[in-house]
Amino acid sequence: MNKPRHHLLSVLVENKAGVLARVASLFARRGYNIFSLAVAPTDDARFSRISIVVDVESSPLEQVIAQLDKLINVVQISELHPAEAREAELLLVTVSVDADRRAQVIQLAGVFGASVIDVGIDALTVMLAGQPTALDDFENVIASYGIVELQRTGRVALPRLGASRGTSVAGLSAVAN
Amino acid sequence: MQLTGAQALVKSLETQGVEVMFGLPGGAILPVYDPIIDSSIRHILARHEQGAGHMAEGYAHVTGRPGVAIVTSGPGATNIVTSLCDAYMDSIPIVVITGQVATAAIGTDAFQEADITGITMGVTKHNWLVTNAADIPRIVAEAFHVATTGRPGPVLVDVPKDVSLQMMEWYWPDSLDMPGYRPPSKPEPALIADAAELILAARRPVIYAGGGVIKSSGSPALARLAELTGIPVVTTLMARGALPDSHPLCLGMPGMHGNYTAVTAMQQADLLIALGSRFDDRVTGKVSAFAPHAKVIHVDIDKAEIGKVRRPEVGIVADARLATEALISALEPRTVTGELRSDRLEDWMGQLRRWQERFPLAYDSPAESEASGASGRLPLLKPQFVIETLRASTPDDTILVSGVGQHQMWASQHWRFEHPNSWVNSGGLGTMGFSVPAAIGAKVGRPDAMVWAVDGDGCFQMTAQELVTASAERIPVKVAILNNAYLGMVRQWQHMFYEERYSEVYLSADLPDYVGWAESMGCVGLKVETPEEVGPAIEKANQIDDRPVVIDFRTDSMEQVYPMVPAGASNDDIVVHPSQASRLAAS
Ligand SMILES: Cc1ncc(C[n+]2csc(CCOP(=O)(O)OP(=O)(O)O)c2C)c(N)n1
Ligand SMILES: [Mg+2]
């Protein structure tokens, strides 16, 4: 089996100005490809968590992690294996609908557990949160209705309960306070 | 005690033990230059900020302490980017303070505004934009800590003008809170044990010593490890002097212009013990063909270097000195078992000695060049001869600084390096113009030592104005220009790989008039055209201790640097001096 092309890194960083730019510019100058990236503060206001899906065809994961770890503001890096993580992503999509198709889209959204969050005369905006693969499926199906605009957040993840706490590949295994 | 941010900055530098800084003022840094008048710190006024940066590097190179440079915003800051990048590539600890426009003006394209923290993100180990005067002592302490620990490197602190003027209550942090910065130091014992077994099993081992040995003060340990195990050592361009060239186990420099024995020893080794070296492309040549039979032990303080280029059998993230000492401790008990008997490497050492005899560094005598009709009317000087004479005429602990080009390679080959921290050059970035200001910084750091710069005519023209700084500040450096009238190294590539189609590499030997230029800058200027004049001119220069000296050595333009591994080729395809080419087939 081919090795997976995408790896999810969960990167705990100090919540300081310019940290995202440091991470992004590191990826740019070393030629690493980011597939998706999501960032927000953690429950501890001193830190933010960046979830990065790395395209490792551009460079070995180990090298990406070692270079990231050199950034002074990067506190901890964990690789989350899909089997040991709970991943989630959010999708917003505006679909053009005429009168007959409106009900179909609403029904389809229901099947996927998505909710309609905005209704216009000839369009609907639907939101779906869930596993990235479920979002892929929904996106494929909804595409046939005519997507006006679509936005996904990139995935975030935490280790699965009961599974090992992800692989802490660099940095502290627990953040000291 | 209430201080302005500017006063706090200068006091922080004093508290850090800074004794000298190199800089050039301007609008945004003006508030900081006022307390400099009353400070114990010596300020040396450079004539260009790139020069200030290289001076700080030269100082750091020879003292092992961080060099400090201070410049204004905008063009002052961008002018020092080259020095930062140079220090980044060669892991030199420097701290650069830049002025910045007032915080309210940031982002408005204000006069002399440049996003210097953004610009230098990729060429500093870390940088800081100070937004509050109260943060200054903490940030300065962090900056010095980051620059000097782990893998050393340059850092930059950007200080907006209004922050310099703000009042703050002075303090000095007693601890630093940097949860993301944990430089490694000690090696893992289990890995040392694995490495020791590889060392005992090896029959064609080579120690591949890099700049990390010098930075970790690991030279004495390196000598002990080599002597304990009998393993020969190559010293890279950044590690010349890490083991004295006169040491019987020192094979000299490997790489693109390394000597035949050092290059070939690595190619044929069954074990490479890389200590603080990074498998740079100038050392490995074509990576897939590099040292194909060798197992690798790789010690580096930067984890990202382990496996970046070559996957080691044993990778050890640690300070090079501590790892070397740990290896010694692990191996010492094995002397009693006889596992380290020197005859285990007899065949290998015999092979190395034969290569050294067959393929010493070689160059034509002037007579040979003339006979072959290769050179012009004068009995032209051989640059290698100038360097050998210089070495023979200067004290053992002379500090040698070089620019970038052929002269740099001749200096690294033909000088006899006997001490760590006595060789200052721009390895990773290859920055023309490095040598004059770096020599000034080195002389400031080691006023007791004689400092000679070996420079190219092209390089000299990039930063020569810093000799004005040297004259004004009475910093008596000595500069030997190997004036071949060409951008010689580029000419060499055009000679070898572009069918001698010389494109934009001619400079002229007489324009500028180097002697006149040197004298106008307050130096003594000398010109040397024949071999007989070399020794006396150097003697004369050595006597002068109250001002800088520049000697314009007119050297043979046709001279090429040998050996050479063509770019991208395997190290097996090393090109030796033409006089030795016929011996290659036989070896
Ligand atoms: C700033 C900079 N520009 C260009 C180069 C490319 N380069 C490398 S060596 C060299 C020639 C250097 O000429 P010179 O100082 O006369 O030294 P020589 O090779 O003749 O000894 C050049 C242009 C460089 N290394 N650095
Ligand atoms: Mg030249």
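How many residues of chain A are in contact with chain B, and how many residues of chain B take part? In this predicted model, 22 residues of chain A meet 19 of chain B.

**View 1. The contact between chain A and chain B.** Together the two chains bury about 1,700 Å², with 49% of that on carbon and sulfur atoms. On the chain A side, Arg22(A), Lys70(A) and Ile72(A) lose the most area to chain B, together 37% of what that side buries.

View 2. Look here for 3 salt bridges between chain A and chain B. One of them joins Glu62(A) to Arg311(B), with the closest N and O atoms 3.1 Å apart. H2(A) gives the largest share, 6 residues. By class, that side of chain A has 9 nonpolar, 6 polar and 7 charged residues.

View 3. Of 17 residues around ligand 1, the nearest are Gln406(B), Gly430(B), Asp457(B), Cys459(B) and Gly488(B). The shell has 8 nonpolar, 8 polar and 1 charged residues. In chain B, helices H18 (406–414), H20 (457–463) and H22 (488–497) each supply at least two shell residues, and the largest share, 4 residues, comes from H20(B).

**View 4. Polar atoms beside ligand 1.** A polar side-chain atom of His407(B) sits 2.8 Å from a ligand 1 oxygen. Backbone polar atoms take part too: one of Gly430(B) is 2.8 Å from a ligand 1 nitrogen, and one of Met489(B) is 2.8 Å from a ligand 1 oxygen. Ligand 1 taken alone exposes 590 Å², and the protein buries 76% of that.

Technical notes
Residues are numbered from 1 along each chain as its sequence is written. Chains are lettered from A and ligands numbered from 1 in the order in which they are written. This is a predicted model: local features need pLDDT of at least 70, side-chain atom pairs count only at pLDDT 80 or more; totals for chains, interfaces and linings use all residues. Side-chain values use heavy atoms; hydrogens and water are left out. A residue is near a molecule or strand if one of its heavy atoms lies within 4 Å of it. A polar contact is a pair of N or O atoms within 3.5 Å; within protein, one must be able to donate a hydrogen and the other to accept it, and residues adjacent in sequence count only if both atoms are side-chain atoms. Accessible areas come from the Shrake-Rupley method with a 1.4 Å probe; for residues, only the protein chains shown count as cover. Ala, Val, Leu, Ile, Met, Phe, Trp, Tyr, Cys and Pro count as nonpolar, Asp, Glu, Lys and Arg as charged, and the others, Gly among them, as polar. Contact means heavy atoms within 4.5 Å. Buried area is the accessible area (1.4 Å probe) that two parts lose on being put together, summed over both. A salt bridge is a side-chain nitrogen of Lys or Arg within 4 Å of a carboxyl oxygen of Asp or Glu.
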